[in-house]
Amino acid sequence: MSSVVNIPPQFEVVDRPLDTQMTISMGPQHPSTHGVLRLELVLDGEMVVKATPDIGYLHTGMEKLFEYKKYQQGIVITDRMDYLNPLGNNLAYCMAAEKLLGLEIPERAQTIRVLMCELQRIGSHLVWLGTHALDIGAMTVFFYCFREREKILNLIEAASGGRLTPSYFRIGGLMMDLPAGFERRCKQFLDAFPKAVDEFHTLLSGNRIFQKRTQGIGRISAEDAIDWGLSGPCLRGSGINLDIRRANPYCGYENYDFEVPTEPDGDVWARYMVRMREMKESHRISVQALSRLKPGSVKADAPKVVLPDREAMKSHMDALIHHFLIVAEGFDVPAGEVYHPIEASKGELGVYIRSDGGPKPSRVHFRGPSFVNLSALPAMSEGEMVADVVAIIGSLDIVLGEIDR
Amino acid sequence: MVGGILRHKLNGMASEPENKETTPIASSEAAAPSPLVAALQREHPEWVADVIAAFGEITIVVPREHIAAACSFLKTWPESRFDFLSDICGADRGVEEDPRFEVNYHLFSTTKHHRVRLKVVLSEEDTHVPTVTGVWRTANWHERETFDLFGVIFDGHPDLRRILLPDDWQGHALRKDFPLRGYEPYSLK
């Protein structure tokens with residue numbers, strides 16, 4: 001190597017006796033990097049010596065944008081972060097704002113939130129499963145997954161009007177109650193879904209090629225997983241029984257009967273099995289939530305924060321004025337700061353809101369699980385084959401919209 | 001203007017109950033400090049500059065020079081066992097404020113399932129903080145992000161580069177004096 005070329009520090013790697021090293025750029029337009037992730041891989045033959053994720057290609061300054069929008073306008077931005085789990089993002093943001101406002105959410109709204117979030121979690125896992133299998137070479141699974149996800153998106157569309165960007169949750173409750181016939185349609189889906197999971201197992205879990213590609217690949221120990229801040233299925237795949245729904249329950253999750261699946265091995269296969277089992281658990285929670293739906297209000301009793309019903313606006317002057325004030329000026333939120341974590345489909349999704357009072361937040365920060373999980377990628381992939389990096393990225397289940405924000 | 005008139009009118013209306021005027025706050029400022037904070041104050045009084053208990057969350061303001069030691073202690077201390085760093089995020093209190101910046105560390109315990117927030121406040125002239133990458137490796141990207149967006153410099157960080165914005169970006173985008181649309185359209189040189 002001549003010293004004339006000025007190599008940036010991240011390209012310099014350990015001395016090897018044979019000069020067989022090659023630096024390649026994987027992405028940002030690589031189909032298996034799930035968006036616009038770029039990896040700088042230093043390879044020795046086919047072995048990865050060093051992996052450096054390069055992110056930011058999708059950075060749109062969302063956290064800056066929050067500071068210029070009223071609290072209720074921020075909900076729309078959250079949809080665009082983890083676009084496979086928008087209801088989870090809505091929930092985390094709304095609950096953080098509700099914590100500042102001290103709002104009590106009615107039981108029906110809580111139950112619907114749980115139901116919709118668990119449906120969304122299944123939908124998110126289905127996209128992960130389809131694309132993960134596709135990356136490894138099992139094409140068929142993709143179509144089966146998207147067939148099932150379509151049914152979930154139809155349910156979300158029926159409730160909120162949007163498929164990918166529902167913005168269904170509002171500060172103080174829901175946008176509106178579930179439409180007529182929703183419970184029947186939801187039950188129809190839930191009745192058929194366990195069969196679909198069994199179908200995925202038949203397609204993949206017994207597949208020798210899939211097993212060989214995933215077992216023992218991308219190992220991370222329990223101590224390392226905590227040290228790297230892994231959360232969600234990635235952490236549970238390393239044998240740590242930690243679920244925010246259990247550890248710091250919200251929305252009444254403490255009243256639901258479900259298991260937290262864990263696998264001890266910490267490899268790609270373990271993370272695969274955790275998510276497969278989680279789909280069944282989410283199904284269990286959804287069935288319970290659906291059976292607990294009782295008639296009631298879906299909005300908190302806080303006229304200064306929650307938009308009034310359309311009917312009330314036609315007959316009550318104060319409702320009309322409140323509507324005008326909330327829409328035109330927003331509502332004041334007490335000064336203070338909160339951090340609210342929830343268990344999103346990918347791990348701990350934390351929202352930090354800092355308010356100086358007034359209708360706009362002073363700072364909103366999202367602790368995206370994908371962001372933190374991706375930072376552990378070098379620890380998992382160094383020493384593996386380059387083809388296995390694809391499997392490891394798939395097993396992390398990252399969404400670049402959330403990483404770059 | 002219209003809003004002001006309407007608000008005035010609304011406040012004069014009898015149909016509005018008085019108690020709706022102020023939204024209740026989840027927990028009072030005067031909440032008793034938790035046993036954890038009390039024990040920490042006994043153990044290392046110099047680390048606890050201030051304690052804020054609000055909205056059911058505990059914030060400990062730590063002097064900047066002690067943050068790495070405090071994190072490392074809280075990680076293994078049997079009373080706390082904050083072995084999981086959830087998040088680090090910066091905040092800009094406003095251009096006129098002094099101290100202007102703060103760095104918030106959200107700690108979580110995977111065994112005790114409790115949380116705490118450590119806060120370091122920084123003046124605009126001197127935005128140096130010791131790194132905690134030696135305590136948790138996950139701090140690496142969080143600190144890079146805080147550096148990128150606020151210009152907080154983490155002393156001793158192994159790889160303090162920009163992470164979200166391009167390497168040749170000018171300024172720190174989440175500072176309050178940075179305009180929403182930037183200074184000029186960005187183009188690759």
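The model is predicted, so local features need pLDDT of at least 70 and side-chain atom pairs count only at pLDDT 80 or more, whereas totals for chains, interfaces and linings use all residues. Residues are numbered from 1 along each chain as its sequence is written, while chains are lettered from A and ligands numbered from 1 in the order in which they are written.

The buried residues of α13(A) are A:Ile321, A:His322 and A:Leu325. They cover an arc of only 100° around the axis, which puts them on the same side of α13(A); the arc is that of the directions from the helix axis to the C-beta atoms. After α13(A) comes A:Gly330, with a positive phi near 80°.

Helices (H or I, at least four residues) and strands (E, at least two) are DSSP runs, numbered from the N terminus. The domain bounds below come from an automatic or database domain assignment.

| Domain of chain A | Residues |
|---|---|
| domain 1 | 9–54 |
| domain 2 | 62–404 |

In chain A, 16 residues of domain 1 are in contact with 16 residues of domain 2, contact being C-beta atoms, placed from the backbone, within 7 Å. To the side of domain 1 of chain A that touches domain 2 of chain A, β3(A) gives the most, with seven residues.

Conventions: Two residues are in contact if their C-beta atoms, placed from the backbone, lie within 7 Å. A residue is buried if 20 or more other C-beta atoms lie within 10 Å of its own, exposed if 12 or fewer, and partly exposed in between; C-beta atoms are placed from the backbone.
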